[in-house]
Amino acid sequence: MSRLSRIRGRWSIPAAVVVLALVAGGVYFTRSSDDPAPVTFREAIIDAPEAPDSTQTVNIETRLYLPQQTPAPAIMLAHGFGGSLRSVHTQAEEFARRGFVVLTWSARGFGRSTGQIALNSIDREVRDAQKLLDFLGTRDEVQKDGAGDPRVGVTGASYGGALSLLLAGVDKRVDTLVPVITYNDLAQALLPNSALATPRTDTTPAATAFSEDGVFKRSWAGIFFSAGLTSIDLSSPTGDAPEIGQTEANQTAVQQPGGNSGAAGQPPTPSLGACGRFTPAVCAAYTEVATTGRASQQTLELLRKSSPVAVTDQIKQPTMLVQGEQDTLFGLDQSDATARQIAAAGGKVKMVWYAGGHDGGNPGTALRGEIADWMAFHLQGKGTDPGTGFEYSVQGAFRSSGAPSLRTVVAPSYPGLSAGSSSERKTLKLSGREQVAVNPAGGNPAAISNLPGLGSALSRSSAISSRLSIDLPGQAAVFTSDALDSQLLLTGSSTVRLRVARGDQSSGEAILFAKLYDVSADGTRVLPGSAVAPFRVALPPDGSAAEVTVTLPPTVRPVESAHKLALVVSTTDQAFANAEQPAAYRISLASDELSVPVVPGRNVTTGFPVSALWGIVIALLVLIAAGIIAMFRRRMAHDSDPELSEVPLVISGLTKSYPGGLTAVKDLSFRVEHGQVLGLLGPNGAGKTTTLRMVMGLIHPSEGHIRVFGHKVTPGAPVLSRIGSFVEGSGFLPHLSGAANLRLYWAATGRPLEEAHVEEALEIAGLGDAVHRRVRTYSQGMRQRLAIAQAMLGLPDLLILDEPTNGLDPPQIHQMREVLRRYAAAGRTVLVSSHLLAEVEQTCSHVVVMHKGQLVAAGEVADIAAGGGEATFRVDSPSKAADVLRGLEGVHDVHEDEGAVHASMNGVPRAAALSALVAAGVAVDQAGPRRRLEDAFLELVGE
Amino acid sequence: MNEHDVHTDPGAITELTDAAAHQRTEVAPDGSAVGYKARRTLRIRVEIQRQIRRRRTQLVLGFLVLLPFILALSFEIGQASPNRRSGGFVDLATASGINFVVLTLFVSGSFLLPMIVALFFGDTIASEASWSSLKYLLAAPVPRHRLLRQKAIASGLLSLFALALLPAVALAVGVVWYGAGEVVSPTGEAAPFADGVLGVALAVCYIAINLFWVAGLALFLSVSTDAPLGAVGGAVLVSILSQILDQIQPLEDLRNYLPTHYAMAWVDLLSTDVDWSEMTRGTFSALVYGGIFTLLAARRFKTKDITS
């Protein structure tokens, strides 16, 4: 055991190092397994005809990313407006690591590709993409469905998303597609009109009116087009949208090289002429709209022809539509329209709304992973079927260290797509009288709802921007609902029916903006998604009212109970082309019903992590096993010697050495017999206390062993219950009284109270009324007496007291000796340690003298004190005296000392020797028994 | 404090020696005095009595009772618009009684609760050592494994009581002040009052399990030092260090190995569809850390030389 512990001590540091290394290795292994594998790419320029029958070509720069294993299915990854193939580099690498060949390219007019921007024209950009499909069909690295038919999925965000829809519509070689935050109809996205003359009939939650003759979305359109003029992309979101599980604000978004800073890292080139890199037709259309605020039929044709709406009836491929809830450019209604059109054509659609968009950020890591999962299932046949459900993110109120709390709600399908199904709607009552709203001349000052294109600065903090909205007094009519009595999770586009009539000086039509605020009980207003529904309504010339149904912008918003919804209809909005002519309108509710869509679903939970559950089981088993092993080891430790069962204490070969070479006790052996009062005598530091602590099982001996009544002493050995001890000071709970301390101590031993003799012990302490005071008020002597009383509780067979008289005054010391002597006489054994010789001589029957951890002498006090019949004579001439004593019959073992002579008298009376000495003329100063104990002790102390 | 009052009546010595002469110790086969049974030593009731009468225990429990009142009062003083339904926990606190409990747990979760557990577990052995009473308990003898176990169980019961006391008082205060309305979760969900009570109860259970690592560490430090302050302070310090490292974003998923990483996972319980994944991982993490520290404590205590 002791050897084992020494080995343990020697090996504990290397063992700790090994354990640490294993842990570090484990951590490194688990982390290194998701270290990104290297991805290589090849660049190539591919020529495509400038126009269908043109002989001129444009150069399309491409990159082909190769996974580790080929052939593999391919993904065409298109970039956003103003970007280039460099802006999708990170995502391309991610796809390649998932085992796809990835083709990225710069669309014509962007990056290093030549040509002019034709806004995803079917004849131009889409043809280019078809050329790239041809290219993929020739590559050996790409898995094929047939000759020249690569297995390929298309994805992209915004402008690229629209291209993926257009390409899938015109080219059946596309196997699946994931358009992200894109438009269905560019004409509606830039010139929306949310007014319907008739009540709404559509069945999906996020459908809006999509009426003709919209209101120009001036600021977004300007930003969008300036990207084509100057190669500075302000339209693409700059960071990632917040996602579940993020713990910090979204400041560490992947910065895509070249993403927003112009083509190929070159400084922006603002001087490409007034039309920039746009085709003349696109340029003319934009100029027309931007200057007049209205679009001609020709412009609308142009926009619509290059919009996915032109081909969505051809899309049969499985489609996952990803749209942002923070998107005032391409709102949720755009994806709703695409979904309806594809579903009507027989395609399968999965819809995902995430907490981002052009105002809120790109899809984050988790959503990009979901897109890759979709591609993996539909192209590689790997993973579980992502299905055709509907997922939307709900942003909660809690923001821990800046990141909003999100949850994802899943519904089995996007409601209203299949025939006969319809989105669930709830009806709230709005109230408000007819109000007059004034349009200022020039449409200025205007209400503020959102700040498009502020990109990284503001758009990302949608929580801030949704509180920024300002309505100007006198320019808006307000209708409010009652406070909700339970939570309402608004999911989609609400509808209200309004009545608008001209005021005194109005023109023939009104441009109005409808918003739905979430108003808390304290009046704080939040405009969910910062979104506004502009509408244009023709007013009857006779001053009567026009009735319109207004589809409010689709959003996702949990409206808490006690909150109200407020419908605000204002005459101006900063983000749109407002009416120039001053006007006043009378606005009232045609119906007090506000129809609010809800999509019931369940929250997405990640399920039980099975590995962690197994971990819990294993950890519990290990703990239980450790407990059982420890129990068996304790059971095995018992060791007794029946021959010694009557001997209170046997110490043999006891050694205690500490690391560092200090040896407190060295090879100590002695016995204490029944009925003895044994004194353990030695100077301070002789190892007395260490020995007593080893007897009590407090200190582990390095070698040797201790037996008490034959039982080997180990920590907590049951035989210790026969020992009462007081070692090195008292130990009481200072907040309890003396009496309570003794009672609780006895209670802690678990023995019956009648064995304790608490009253007798307290009498011995003799503290009087002080036993009921807290121990912290006691003097040193009182504590000492109480501690000795505690040692006597239960009348132990062996009483061990370490320096019991320290701190006691002489009368108390006297009493203490009396107690010990009489206690031993009553059939008990007492072991007392002391550094005072007189103490031991007066109290003890036997003595063990220790010095420097070693035994010096042991025996009866009288024996050792009397020196076994030896006598000492203090004389003036020791040599002469020695001669005289040697001459006496029976006296032997005579030896001289300085000023004294010692002799073994062997029965010869000291008086006879004395008279012989005196007769021989030796002057005797003193004669008495030789005090070996004192000599020995003094010799030791004197050193 | 007059020493002259302190004396032993000679009659008392006679009484004691008479008692000793008349009482012969019966000896059991294992060498113990009959009446001694290791499994009866230091029963939980006894240890709780020893601890509950301590001023620090009473102060801690008193503070936990007081804290919800202080919070409610500060909301009364500082807020003009009660029953808000949006914003963080602090903003949501006054939405209903349950939300007030959630706030109380939230503000005390990162520092106060670990500190209380560290106090009960870290102080338990180290304070006995500092009073020198440990050696007498061990020589009584209370077997060392049993002493550690009983003290750990008593500390655990006190900690559980403290952990339950705080939300219980907070619930009472919250219901009186803010009513038994719908609880609003941080992700913006609303749930009925009864579900909220269940959620909070489960949250307290999770917090108790999650703090097992603090308990284990404090126990280990408690057997390693004779200074109670060192044991308690050491455990609290490690907890704070872990929370600081958890804020360092470049550490990324290394932070999952930090013992406090899942400390706030109970927030998931407030949702209608409970996500158990974080809490399961948190339970595993707490069990592993707590188990390792507890085993270390047991081993250290078993082999330790008691010199206090």
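## Strands around β22 of chain A

Let's start with β18 of chain A (residues 495–502), which runs antiparallel to β22(A) and is joined to it by six bridges. Two strands count as paired when DSSP finds at least two bridges between them. One bridge to look up is A:V496, whose partner in β22(A) is A:V550.

Strand β22 (residues 546–551) also pairs with β9 of chain A (residues 195–196), again in the antiparallel sense, over two bridges. There, A:L196 has A:T549 as its bridge partner.

## What kind of model this is

This is a predicted model, so local features need pLDDT of at least 70 and side-chain atom pairs count only at pLDDT 80 or more, while totals for chains, interfaces and linings use all residues. Residues are numbered from 1 along each chain as its sequence is written, and chains are lettered from A and ligands numbered from 1 in the order in which they are written.

pLDDT is the predictor's confidence in each residue, from 0 to 100. Chain A averages 84, with 87% of its residues scoring at least 70. Residues 1–7 of chain A fall below 50, and beyond near neighbours in sequence this stretch has four contacts in the model. Residues 398–403 of chain A also stay under 50, but there the model has 19 contacts beyond four places in sequence. A contact means that the C-beta atoms of two residues, placed from the backbone, lie within 7 Å.

## Chain A as a whole

Chain A has 22 helices and 40 strands. Of its 943 residues, 52% count as buried. Buried means that 20 or more other C-beta atoms lie within 10 Å of the residue's own; 12 or fewer makes it exposed, anything in between makes it partly exposed, and the C-beta atoms are placed from the backbone. Among contacts in chain A between residues at least 6 apart in sequence, 74% join residues at least 24 apart.

## An enclosed strand: β29

Strand β29 of chain A (residues 677–681) is largely enclosed by the rest of the structure, because five of its five residues are buried. A:V677, A:G679 and A:L681 point one way and A:L678 and A:L680 the other, and all of them are buried.

β29(A) has parallel partners. Five bridges join it to β34 of chain A (residues 829–834), where A:L681 is bridged to A:S834. Four bridges link β29(A) to β35(A) in the parallel sense, with A:L678 partnered by A:H846.

Most residues other than glycine have a negative phi, and most peptide bonds are trans. A:L119, not a glycine, has a positive phi of about 55°; this residue sits in the loop between β4 (101–105) and α3 (125–138) of chain A. A:L119 is buried, with 24 other C-beta atoms within 10 Å. A:K852 has a positive phi too, near 50°, and lies in the loop between β35 (846–851) and β36 (854–860) of chain A. A:K852 is partly exposed, with 16 other C-beta atoms within 10 Å.

As for cis peptide bonds, one runs from A:T70 to A:P71, with omega near 0°. A:P71 is in the loop between β2 (57–66) and β3 (74–78) of chain A. In chain B, the bond from B:A140 to B:P141 is cis, also with omega near 0°, and B:P141 lies in the loop between α7 and α8 of chain B.

## Nonpolar cores

A nonpolar core is a set of buried Ala, Val, Leu, Ile, Met, Phe, Trp, Tyr and Cys residues joined through C-beta atoms within 7 Å. The largest one has 168 residues, and B:V117, B:A118 and B:A218 have the most contacts inside it. Helix α8(B) gives the largest share, twelve residues. Leaving aside residues up to four places away in sequence, B:A118 touches B:V214, B:A218, B:V232, B:A235 and B:V236. Apart from this core lies another, of 160 residues, including A:I60, A:A477, A:F479 and A:V537.

## Where the chains meet

In the interface, 87 residues of chain B are in contact with 101 residues of chain A. On the chain B side, α1 (10–22), α2 (44–52), α4 (89–92), α7 (133–139), α8 (144–178) and α12 (277–303) each supply at least two residues. The largest share, ten residues, comes from α12(B).
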